Amino acid sequence: MRGDLEMNQLILVIATIVLAPIVGGLLFGIDRRITARLQGRFGPPILQPFYDILKLLGKDSIAVSKMQFVWIYAYLVLMIASLLCLVLQSDFLVLVFLLGFAGVALVLGGFSTKSPYSHFGANRELLQILAYEPVLLLLAIAIYAQNGTFLISEIVAHEQPLLLPLWPLFIAVLYVLTIKMRKSPFDISTSHHAHQEIVKGITTEYSGPFLALYHLAEWYEIVLVLGVVVLFWANPLWIGLLIAFAAFLLELVVDNIAARMTARWMVRLSWSVGLTLGILNVAYLYIIKGVF
Amino acid sequence: MGLIKKSRAKSPWIMHFDNSSCNGCDIEVLACLTPLYDVERFGIVNMGNPKHADVLLITGPVNMRTARVLKNLYEQVANPKMVIAVGTCASSGGVFHNCYNVLGGVDKVIPVDVYIPGCAARPEAIIDGVVMALQSLTEQRHLWVTCPHCQTEHEVTDQRWRI
């Protein structure tokens with residue numbers, strides 16, 4: 001991060017830590033309501049995720065292994081750190097690495113118990129990281145090719161939005177959004193619907209307050225990935241916010257019309273379509289700018 | 001904490017376990033999740049994992065083989081927890097009462113909070129039963145007493161309610 005933390009930056013940090021879960025929880029509430037309506041049901045209240053998390057905080061926790069508690073805290077803290085990178089307009093590359101490490105913390109939490117379901121979930125989460133991480137790295141390279149720096153503050157300062165030169169990567173990032181939101185067809189490591197199936201594996205051994213921490217980290221995560229979508233049109237900001245909300249609604253529709261596919265199919269599709277779009281985009285930018 | 005207690009009533013996650021039931025009650029439990037009854041509007045979600053669940057919905061007369069599974073599942077649910085016996089079999093053994101391999105009712109193995117009779121129990125009755133169990137959660141019908149011998153907290157159901 002650049003220089004010392006000034007007073008207004010400190011206020012921004014505190015506001016992010018407080019407001020991001022509220023926004024994330026509301027988004028999940030809207031998600032559950034819209035999903036219910038698409039399935040012909042009435043659906044729970046918009047505030048339902050908050051009731052769930054408060055209830056979980058009031059329950060006992062059953063310890064299977066103490067290490068999983070360390071990793072779930074790490075997952076939450078790293079996710080917050082990654083979000084702060086975005087809000088403080090710091091380095092995009094650091095954001096990507098922190099997000100990757102947060103995912104790895106969740107995987108290690110899954111592996112730190114003896115439950116085979118937990119191990120299955122952790123393996124599937126690893127495959128998800130494998131699918132989305134290269135696309136985000138290519139996005140970082142493309143941002144560097146376009147602006148000459150990884151700093152998010154430069155993206156925000158630029159008059160020309162990133163969406164126009166980086167539209168192939170925007171499509172790839174929409175794939176990443178589906179993978180990170182754990183929506184069909186990419187709800188491989190965990191899902192918001194299939195509570196009885198093996199895809200719920202990674203949360204098997206979490207109960208009570210620690211399950212609440214997992215959900216809290218998920219709320220920060222959705223704000224973070226939608227924030228990355230906002231970066232494509234960060235100036236003026238409201239267009240970016242509209243694009244992000246439209247992308248969120250698109251994910252809900254895709255979630256309800258698509259069936260869950262296999263993990264191998266996810267990696268194959270993400271690498272073939274996502275990486276091809278990304279590499280072509282980066283190559284085009286470099287040729288245009290004449291760096292080669 | 002009033003907020004947590006209120007949330008508890010608004011977000012009961014249930015786990016459904018079949019104790020050698022004839023599947024009549026199980027079909028009715030699953031019918032509650034369909035668009036016609038849609039229990040998710042009350043925040044009720046059918047979990048597959050006892051560690052995430054608050055309410056155990058038990059169907060069927062308990063037999064010798066499933067009794068230990070039932071006990072194991074009950075111990076894996078984090079406190080505070082509720083147990084609802086769905087159907088006549090789960091309440092008393094029903095037509096299987098006095099069979100050589102049947103224990104005759106969920107309450108022979110674990111404490112039960114609400115009994116829902118019926119063969120099979122209707123979805124409306126099941127929803128009523130869950131709501132009744134939640135009332136007992138918020139009004140603290142459950143007693144928590146410290147055992148003088150082992151110094152740990154035990155759950156005492158002082159009132160067994162019937163619909």
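The legends below describe close-up views of a predicted model. Residues are numbered from 1 along each chain as its sequence is written, with chains lettered from A and ligands numbered from 1 in the order in which they are written. Local features need pLDDT of at least 70 and side-chain atom pairs count only at pLDDT 80 or more, whereas totals for chains, interfaces and linings use all residues.

**View 1. The side of chain B that touches chain A.** In this view, 22 residues of chain B are in contact with 26 residues of chain A (contact: C-beta atoms, placed from the backbone, within 7 Å). Helix H1 (2-10) and strand S2 (45-47) of chain B each supply at least two residues of this side; helices (H or I, at least four residues) and strands (E, at least two) are DSSP runs numbered from the N terminus. The largest share, five residues, comes from H1(B). By class, the side has eight nonpolar, eight polar and six charged residues (nonpolar: Ala, Val, Leu, Ile, Met, Phe, Trp, Tyr, Cys and Pro; charged: Asp, Glu, Lys and Arg; polar: the others, Gly among them). The predictor gives the complex an ipTM of 0.81 and a pTM of 0.88.

**View 2. The largest nonpolar core and another core.** The largest nonpolar core has 82 residues (a core: buried Ala, Val, Leu, Ile, Met, Phe, Trp, Tyr and Cys joined through C-beta atoms within 7 Å; buried: 20 or more other C-beta atoms within 10 Å of the residue's own, placed from the backbone). Among the residues with the most contacts inside it are A:Tyr75, A:Met79 and A:Val229. Helix H8 (residues 209-230) of chain A gives the most to this core, 17 residues. Leaving out residues up to four places away in sequence, A:Val229 touches A:Val173, A:Leu177, A:Ile243, A:Ala244 and A:Ala247. Another core, of 37 residues, lies apart from the largest one and includes B:Cys25, B:Val62, B:Ala85 and B:Leu134.

**View 3. The crossing of H7(A) and H9(A).** The axes of helix H7 (residues 167-180) and helix H9 (residues 237-257) of chain A come within 10 Å and cross at roughly 60° (axes: lines fitted to C-alpha atoms over the stretch in contact; angles: from 0 to 180 degrees between N-to-C directions). A:Leu174, A:Leu177 and A:Thr178 of H7(A) meet A:Ala247, A:Glu251 and A:Val254 of H9(A) in the contact. These residues divide into four nonpolar, one polar and one charged.

**View 4. Confidence along chain B.** Chain B has a mean pLDDT of 82, with 83% of its residues at 70 or more (pLDDT: the predictor's confidence in each residue, from 0 to 100). Among the elements of chain B, strand S3 (residues 55-59) has the highest mean pLDDT (92) and strand S8 (residues 161-162) the lowest (34). Over residues 157-163 of chain B, pLDDT stays under 50.

Technical notes: Two residues are in contact if their C-beta atoms, placed from the backbone, lie within 7 Å. A residue is buried if 20 or more other C-beta atoms lie within 10 Å of its own, exposed if 12 or fewer, and partly exposed in between; C-beta atoms are placed from the backbone.
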